[in-house]
Amino acid sequence: MSNYNNIVFEKQNNIGVLKINRPKALNALNTETICELAQVVKEIKNDPEVKVLIVTGEGRSFVAGADIVEMKDKTPEEARTFAGMAMEVFREIELMEKPVIAAVNGFALGGGCELSMSCDIRIAGEKAKFGQPEVGLGITPGFAGTQRLPRLVGTGKAKELIFTAKMISAEEAEKIGLANAVVPQEELMDKAMEMANQILANSPMAVKYAKSAINRGYETDIETGMYIEKDIFGLCFASEEQTEGMTAFVEKRKPDFGQK
Ligand code: CO8
């Protein structure tokens, strides 16, 4: 793995932990951080040892948004390009063929909330705060917040959060379905690891296909979605993991899907 200025990446067996590490600016996403994120995501995508990814932030923030200081004087074209760059990386995360858990340790605002929403699952520490404060800065969300937030919480709640620019607590985020769970702050990484290990106990291929069916199916009509499910379901039966999973059941033992 390369060395990064604003990102730390570590592997613990088959679990990758990606930490945004720019705590002096509450991990705000500047161009350098987005570029590094693109690079590390590419490396993780191509690393067969990483089967589950956890994304978190250093210090008291997950990510406090795009870097306002850097963004302030952008031209319309520069702003559009910057938004496109981040959207592309977040989409890579969303479509990565491995599950991604956001361990939201603090502020997840603007681009930070949007980063967390590109992950498959969000576990929040009790001090986490979510929000889309952009309209208070005279802009709209720009890293796909207007698209992913309504898909997660419905248009009514998404409009409320985006129009009011208010911050909500981890508990409120859980209540509206933005966070999957809220846990004591000091247990956050352990809980994220626990969930990663629960996922790891299963067939990585089946998890990968299930993620793809949910994502692709959600973006289309139900007939097409069911067609996708039928196809991937059939495909599972061409794999050693299906043979191993079902044989292990019949032999009354735990399946071995090759995890470390
Ligand atoms: N950008 C740059 N610097 C930041 C950011 C940020 N988003 N957030 C915090 N910082 C910096 C502060 O400037 C401060 O730096 P310094 O110590 O040098 O003064 C340091 O981090 C610590 O912050 P605070 O002193 O403000 O800490 P507080 O605990 O008082 O407040 C808050 C924490 C509430 C999180 C506060 O920092 C805050 O409101 N931050 C901004 C949050 C925000 O508005 N985020 C949304 C940004 S816009 C966005 O994400 C849009 C994405 C799409 C962009 C489209 C492309 C062009």
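Q: Why does E229 count as exposed?
A: The relative accessibility of E229 is 53%, and exposed means over 50% relative accessible area, buried under 20% and partly exposed in between (1.4 Å probe, protein chains only). E229 therefore counts as exposed. This is a predicted model, in which local features need pLDDT of at least 70 and side-chain atom pairs count only at pLDDT 80 or more, while totals for chains, interfaces and linings use all residues. Residues are numbered from 1 along each chain as its sequence is written, and side-chain values use heavy atoms, with hydrogens and water left out.

Q: Where is the place of E229?
A: E229 lies in helix 10 (residues 222-236); helices here are DSSP runs of H or I with at least four residues, strands are runs of E with at least two, and both are numbered from the N terminus.

Q: Why is G84 called partly exposed?
A: G84 has a relative accessible area of 29%, so the value falls in between the cut-offs for buried and exposed. G84 sits in helix 3.

Q: What makes helix 3 and helix 9 oblique to each other?
A: Their axes cross at roughly 125 degrees and come within 10 Å; the axes are lines fitted to C-alpha atoms over the stretch in contact, with angles from 0 to 180 degrees between N-to-C directions. Angles under 35 degrees count as roughly parallel, over 145 as roughly antiparallel, 65 to 115 as roughly perpendicular and the rest as oblique. Helix 3 and helix 9 are therefore oblique.

Q: Which residues of helix 3 and helix 9 meet?
A: From helix 3 come R91, I93, E94 and L95, and from helix 9 come K211, N215 and R216, where contact means heavy atoms within 4.5 Å.

Q: How do you know that the buried residues of helix 6 line one face?
A: In helix 6 (residues 155-164), the buried residues are A158, L161 and I162. Down the axis of helix 6 they fall within an arc of 90 degrees, so they line one face; the arc is that of the directions from the helix axis to the C-beta atoms. Helix 5 (145-153) and strand 9 (167-169) are among what covers them.

Q: What span does helix 1 reach, and what is expected?
A: Helix 1 (residues 31-45) reaches 21 Å from its first C-alpha to its last, close to the 21 Å expected for 15 residues; the expected span is 1.5 Å times one less than the number of residues.
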